[in-house]
Amino acid sequence: MVARQVLATDPAVLADLAAARLGEAAFRRELSRVDDAGFDGPSLMPGWTRRHLVAHVGYNARALSRLVVWADTGVETPMYASPEARNAEIDLGSTLRPQALRSLAEHAAIELDVRWRDLPEDRWAAPVRTAQGREVPVRETLWLRQREVWLHAVDLGAGLRVRDLPEEFLARLLPDVLGAWSRRGEGAGLRLVSGQRSWGADAAAASSVVCGDLPDLVAWATGRASGPTGDALEWVGEGPRAAPRWL
Ligand code: ZN
């Protein structure tokens, strides 16, 4: 029997696939540290227990699988029917037994990986639409999933912290968050600085300069800092303040 191979050949896609698999492994590892009784405990996502979070991560994989199918077949299959349907699904999923939630997360992740594996090289640029309504090439699902699994691995509250996440991931995530703000017309005067690196407004245009380590900047920007205004950050100009909403 011939082993199934990834059909993509673009080195950038393959690197992104490897990064997504690394993130999946991290989520799986953190989840394995939560015992069944721990599913009833809170996650770091406001209002969500770990049950909600695990259901969401599983359903997110299924939703991203639908985008890969869309790219493959050209038949439009959105991530979710509506934001309400997405939330209702998570609420219902959160009532499943821990063992069922574990297998939901596991099987949905495997299905997504198989969809990626079997997507022909010439389909990776096919346009699909995210849950936020943005049109992106389907290869973006590799990045969307990285964001989900790494951040929600932290949100499980099983020990992993934002500062434990790969530097490469954090350095890619921060401009991504700023891009989401600017698409909504938020965070215009913010300049984020970590050592020699900076993001956001030019020095001349900035009304607030936020300085700190990259992990602390990411934790604040994604609403995961120890205090809403990012206790570990230094502010120059306006602030400190909570970050604009990201997603
Ligand atoms: Zn999520």
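**Figure 1. The zinc site.** In this predicted model, a zinc ion is coordinated by the NE2 atom of His-56, the OE position of Glu-148 and the NE2 atom of His-152, at 2.0 to 2.2 Å. Along the sequence, these donor residues follow the spacing H-x91-E-x3-H. The two histidines link distant parts of the chain: His-56 belongs to helix 2 (residues 50-73), His-152 belongs to helix 5 (residues 140-155), and 96 residues separate the pair.

Figure 2. Are His-56 and His-152 buried or exposed? A residue is called buried when its relative accessible area is under 20%. His-56 has a relative accessibility of 4% and therefore counts as buried. His-152, at 5% relative accessibility, likewise counts as buried.

Figure 3. Four strands make up an open sheet with mixed pairing, arranged in the order 4-3-5-6. Strand 4 (197-200) and strand 6 (234-237) lie at the edges, and each of them pairs on one side only. On average, neighbouring strands of the sheet are turned by 20° against each other, direction ignored.

**Figure 4. The pairing of strands 3 and 5.** In general, the strands of a sheet pair through backbone hydrogen bonds, in either a parallel or an antiparallel manner. Here, strand 3 (residues 190-194) and strand 5 (residues 208-211) pair in the parallel sense, over four bridges. Within this region, Val-193 stands opposite Cys-211 of strand 5.

**Figure 5. Helices on the sheet.** Helix 6 (residues 167-183) lies across strand 3 and strand 4, and runs at about 25° to strand 4. Helix 7 (residues 214-221) also packs on the sheet, where it touches strand 3, strand 4, strand 5 and strand 6. The direction of helix 7 makes about 150° with that of strand 3.

**Figure 6. The contact of helix 6 with helix 7.** The two helices pack at an angle of about 35°, and their axes are 10 Å apart. Helix 6 passes helix 7 in a left-handed crossing. Which residues of helix 6 and helix 7 make the contact? Helix 6 contributes Glu-167, Leu-170, Ala-171, Leu-173, Leu-174, Val-177 and Trp-181. Helix 7 contributes Leu-214, Pro-215, Leu-217, Val-218, Trp-220 and Ala-221. Of the residues in this contact, twelve are nonpolar, none is polar and one is charged.

Definitions and conventions
Residues numbered from 1 in each chain as written. Predicted model: local features only at pLDDT ≥ 70, side-chain atom pairs only at ≥ 80, totals over all residues. Heavy atoms only, no water. Donors = N, O, S within 2.8 Å, 3.2 Å for Na, K, Ca; no water. Buried < 20%, exposed > 50% of the residue type's maximum accessible area, 1.4 Å probe, protein only. Pairing = 2+ DSSP bridges. Axes fitted to C-alpha atoms, helices over the stretch in contact; angles between N-to-C directions. Contact = heavy atoms within 4.5 Å. Left-handed = near helix turned anticlockwise from the far one by under 90°. Nonpolar A, V, L, I, M, F, W, Y, C, P; charged D, E, K, R; others polar.
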